[in-house]
Amino acid sequence: MGLFNNIPTDPPIEVFHLTELFNQDANPSKVNLGIGVYQDENGRTLTLPVVRSVEQQMAQDLTLTKNYLKGTGLDAFCTACLKLVLGEQSPAIVENRACSIQSLSGTGAIRIGLDFLYRNGFRTAYVSSPTWGNHDSILQTIGFEIRKYRYWSKDKLTLDIDGFIADLEAAPEKSVILLHACAHNPTGCDPSREQWIRISDTCKSRQLFPFFDMAYQGFSSGDLDQDAWAIRYFGHEAKHELFVAQSFAKNFSLYNERIGHLVGVFESRDIIPKFRTQMATIIRRNYSNPPAHGAYIVATILNNPTLYGEWKNNVRAMHERIHSMRQLFYNKLKQLGTPGTWEHIIQQTGMFAYTGLNPRQCQVLIQQHHIYIMSDGRINVCAITQRNADEVAQKFYEVIT
Ligand code: PMP
C-alpha cells in the first residue's frame, strides 16, 4: 500500500487549463482571450527590443557570473526599483524609510510580504470583490482570515465606491487591505484620484494597512508615473506605512524570469534593518536566494537614462496597442448592434476588459465558437487583432442574442 494512494486531486487552475484546451484545439480560427500575456498584432509574445539589446550586451560581459545573489536581492536592482515605484523625489527614500526586496515576480512579492505581516501579528486581510484569484489562495495558504470589500457593481458596470468605503469602515484595525495599484485585474476599473483619497482617508482613520499589488505599471495610462499615483499619494501625502508588490512580468515582458520586488515604506528608518533581517529569514526558508538574470536586465535598463527612455517607449507602445484594440472591439460590437451597453469596454484600462458575459455565455463561446474566455467574462484585450476582431465580435453577438 503506497503512502500516497489516497491523496486528493486538486482542481485545475482555470487560466492554465483554458490555455491547455486552447492548445489542443485544432480549429484555425480559435482565439485565446484567457491568459494575461501581452501579444502583438500577430499573436506573438516577443522579447522587448530594449531587453534583447541588454541581453546581447550581457552575453559579452565576462564579469557577470552565476554566483548566488544575496537572499534579499541585487542592490543595484532594488535601489532603482524603489525610485520607479515611489518617484525620484520620494521623501520616504530621502529619509531612508523605504526598502525594496527582490522577489520571485509579483506573486513572490505578495507571498513574502504577507508572510512577514502574518508573522508580525496581522490576521485579517481584505481583497476586492472580484480580484485576481491568487490573492485568496495565497492568503488562505498562510492562514489569514479573508474578507471581501465591494468593488465592482454588476448593475452599473463600474466601481461601487460607496460599498468599498463602507466595507473598509467596518474593517477591524490592523487589517491588511490588498489594493490593485492600477489596471485592476479582472475589472480594468480603477478608482479616480478623488476616490483614492477617500480610500486613503478611510485606511488612515481605521488604522488599516494598505498593500498595493502593482502588476501592470504603465499599462493603465501608458505612463509609469501616472500609474504609480495612488501609491505615491498614500506614501507621501497621506504618510501611510505600506507595502507594494511589483511585477516586471508584463511591463518588461519578462514573464518566465520571475522578476519583481517588494517595497516596504515605514514610519521610521529604524524599522528597515529589522525588516531586512526578517525578509532574509523568510526568503532563506523558502527558496534561499532569487534568480539573477532578470534582475541584471531590469537594473541595467533602469540605471541607464537612454535604455530607460527606450523601455518607456516600449511600454507606451504596448499600452497603445491594447487601447486601440479596446476601441476596435467596442466599435465592432456596436456596429453589429449587440444588445447591452458596451461603453465599459472603452472606459476600462490595462490589459483586461470585464465584459459582463455570464458563465453560460462564456461556456458557449469556448465549446461552440473556439473563443477561450475566463468564466467571469474577463478578456485579454491584446489577444484581439485587426484580423480576428470581426469574428470575435460576431461570436460575442451570437452568444448574447
Ligand atoms: N497580481 C495581479 C493582479 C496579476 O494579474 C498578476 C499576473 N497575473 C500578478 C500579481 C503576478 O504575476 P507574476 O507572479 O507573474 O508577476
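1. In β8, V176 has F209 as its bridge partner. The chain passes from β7 through helix α8 (residues 193–205) to β8 in a right-handed β-α-β crossover, where right-handed denotes a clockwise path from the first strand over the helix to the second, with the strands pointing away from the viewer. Helices (H or I, at least four residues) and strands (E, at least two) are DSSP runs, numbered from the N terminus.

2. The model is predicted: local features need pLDDT of at least 70, side-chain atom pairs count only at pLDDT 80 or more, and totals for chains, interfaces and linings use all residues. Residues are numbered from 1 along each chain as its sequence is written.

3. Five parallel bridges join β7 to strand β8 (residues 209–214). Strand β3 (residues 124–129) also pairs with β7 in the parallel sense, over two bridges; here I177 in β7 is the bridge partner of Y126. Two strands pair if DSSP finds at least two bridges between them.

4. Is strand β7 (residues 176–180) mostly covered or uncovered? It is mostly covered, five of its five residues being buried. A residue is buried if 20 or more other C-beta atoms, placed from the backbone, lie within 10 Å of its own, exposed if 12 or fewer, and partly exposed in between. V176, L178 and H180 are buried on one side of β7, and I177 and L179 on the other.

5. H180 is also one of the residues surrounding the ligand, together with G36, S105, G106, T107, W132, N185, D213, A215, S247, A249 and G260. A residue is near a molecule if its C-beta atom, placed from the backbone, lies within 6 Å of it. Helix α5 (residues 105–119) gives the most to this shell, with three residues. The shell divides into three nonpolar, eight polar and one charged residue; Ala, Val, Leu, Ile, Met, Phe, Trp, Tyr, Cys and Pro count as nonpolar, Asp, Glu, Lys and Arg as charged, and the others, Gly among them, as polar.

6. G43 lies in the loop between β1 (31–32) and α2 (49–60). G43 counts as partly exposed because it has 13 C-beta neighbours inside 10 Å.

7. Leaving aside neighbours within four places in sequence, V381 is in contact (C-beta atoms, placed from the backbone, within 7 Å) with I322, M325, R326, F329, M351, F352 and A353.

Definitions and conventions: Two residues are in contact if their C-beta atoms, placed from the backbone, lie within 7 Å.
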